[in-house]
Amino acid sequence: MMQLSIKRVPTVVSNHQKDEAEETARQSGGCGKNCLRSCCIPGAKLPLYAFKKENNIGNEKDVLEIENKESPIAFLDFLVLGEWEDRMQRGLFRYDVTACETKVISGEHGFIAQLNEGRHLKKRPTEFRVDKVLQPFDGNKFNFTKVGQEEVLFQFEASEDGEVQFFPKAPIDVENSPSVVAINVSPIEYGHVLLIPRILECLPQRIDHKSLLLALYMAAEAGNPHFRLGYNSLGAFATINHLHFQAYYLAVPFPIEKAPTKKITTLNDGVIISELLKYPVRGLVFGGGNTLQDLSDTVSDACICLQDNNIPYNVLISDCGKRIFILPQCYAEKQALGEVNSELLDTQVNPAVWEISGHMVLKRRKDYDESSEENAWRLLAEVSLSDERFREVNELIFEAIAGGTDVIESVAVVEDPDTKTQSFEEENTITDSSHHAMVVGTQECLVLQ
Ligand SMILES: [Zn+2]
């Protein structure tokens, strides 16, 4: 039913790379898997996209006219989609995601349902024990340096001279562990990729300032509102404990993007923090900021606070990096405590960032056929923190961001993106600034995913 309006780009710089992968495997010997570890890296080359660091939000993009001049596509889109399509033709995915049925569920919110039976097939080890969100990296478990180089689309780095540059064959600089964009072999949409910051460092799945900024740069660089990045923390359905963001193209708005918000505060650097309204999952929305870095730093502070308190969460980066949703969640914890009803459990849906944003990836035909706004809402309501817990968590976040100072404005502005109307509410509901008792995270997750 729903069709992507993004034009598929059949060919791009892939020919070099095809030959290259084979060449490298032949020459180097390595471990035979043409991986990204020391066995196979010497002499290997991968495309390199050097992006322009933008200091101001909303700069114009470099665009490239493509063949028939129908519409200009930013070069990064061109590269991601072209390379992704190439990997599809080479049969590197576990199933054909373009054959998955997708529909928009009728109703006010426009939840999207996808039937993706292929995600049943587990190939990579995805089981681990989440004792704490802070978990040391276990070198024996699967990590992304074990993927084949053919799964990597390109290296993604800041340009040294401030201009966008592209090198079809660039060596892999082991000293400065490159960040890479790779395919997700279990895609949920067209163009589903992974951004793996400083891949060779094998960082654990924890957001840090540098990595989040990289993700925002990627969103800004793509400059395409259909391209969003997402993040799942440990305990919030990250399946691999190696730092990564996901991203894909979806040509319709996510329901979460359409939900009204209520402004809580504006920070000194212009970052605006709001609260989601009329949405089944409680969450915070970050926007504004004098620079992308301001916005990124505030969001990172919030994420680090959640990590330090062992609170699982998901992040959606939308609107070309200008709007970021942080969604603390407790579904896995409830699951572990046996508090999720069996009907929901039977669906085997893992409510990670995409589901929480309103793109329900369903594994059973029955659930797809019976999908309704009510069902989507019921699942997501289980994911959300209770109102009380959400207030406690917000207090932790605001203390982390503001260093304990009172940043809550007494007048909150409610903004409805549909009507573009604003209304004023008298009293903030987030926190009583006189109450400074630290709330210790109680969500010690013991979850086998
Ligand atoms: Zn190897």
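Biologist: How many bridges join strand β10 to β12?
Modeller: Three bridges join β10 (residues 193-196) to β12, and the two strands run antiparallel. Strands here are DSSP runs of E with at least two residues, helices are runs of H or I with at least four residues, and both are numbered from the N terminus. Two strands count as paired if DSSP finds at least two bridges between them.

Biologist: Before we continue, what kind of model is this?
Modeller: This is a predicted model, in which local features need pLDDT of at least 70 and side-chain atom pairs count only at pLDDT 80 or more, while totals for chains, interfaces and linings use all residues. Residues are numbered from 1 along each chain as its sequence is written.

Biologist: Back to β12, then. Which residue of β12 does Val193 stand opposite?
Modeller: Val193 stands opposite Ala247. Ala247 is also the bridge partner of Leu229. Strand β11 (residues 227-232) is joined to β12 by four bridges, and these strands run antiparallel.

Biologist: Are the faces of β12 covered or open?
Modeller: Both faces are covered: Phe245, Ala247 and Tyr249 are buried on one side, and Gln246 and Tyr248 are buried on the other. Five of the five residues in β12 (residues 245-249) are buried. A residue is buried if 20 or more other C-beta atoms lie within 10 Å of its own, exposed if 12 or fewer do, and partly exposed in between, with C-beta atoms placed from the backbone.

Biologist: Why would neighbouring residues fall on opposite sides?
Modeller: Because side chains in a regular strand alternate between the two faces of the sheet.

Biologist: Another sheet now. In what order do β4, β5 and β18 lie?
Modeller: They form an open sheet in the order β4-β5-β18, with mixed pairing. The edge strands are β4 (102-104) and β18 (359-362), each of which pairs on one side only. From one strand to the next the twist averages 20°, where axes are lines fitted to C-alpha atoms, for helices over the stretch in contact, and angles run from 0 to 180 degrees between N-to-C directions.

Biologist: And is the pairing of β5 with β18 parallel or antiparallel?
Modeller: Strand β5 (residues 112-115) pairs with β18 in the parallel sense over four bridges. Within that pairing, Met360 of β18 is the bridge partner of Ala113.

Biologist: What does Glu157 touch?
Modeller: Not counting residues up to four places away in sequence, Glu157 touches Leu48, Ala50, Pro178 and Ser179. A contact requires C-beta atoms, placed from the backbone, to lie within 7 Å. Glu157 and Lys53 are 104 residues apart in sequence and 9.6 Å apart in space, C-alpha to C-alpha.

Biologist: What about helix α2: which of its residues are buried?
Modeller: Among them are Phe75, Leu76, Trp84 and Arg87. Gly91, which follows α2, has a positive phi near 70°.

Biologist: Finally, which residues touch the most other members of the largest nonpolar core?
Modeller: Ala182 and Ile326 do, in a core of 116 residues. Helix α3 (residues 209-222) gives the most to this core, with ten residues. Such a core is a set of buried Ala, Val, Leu, Ile, Met, Phe, Trp, Tyr and Cys residues joined through C-beta atoms within 7 Å.

Biologist: How much of the protein chain is buried?
Modeller: Buried residues make up 46% of its 449 residues.

Definitions and conventions:
Two residues are in contact if their C-beta atoms, placed from the backbone, lie within 7 Å.
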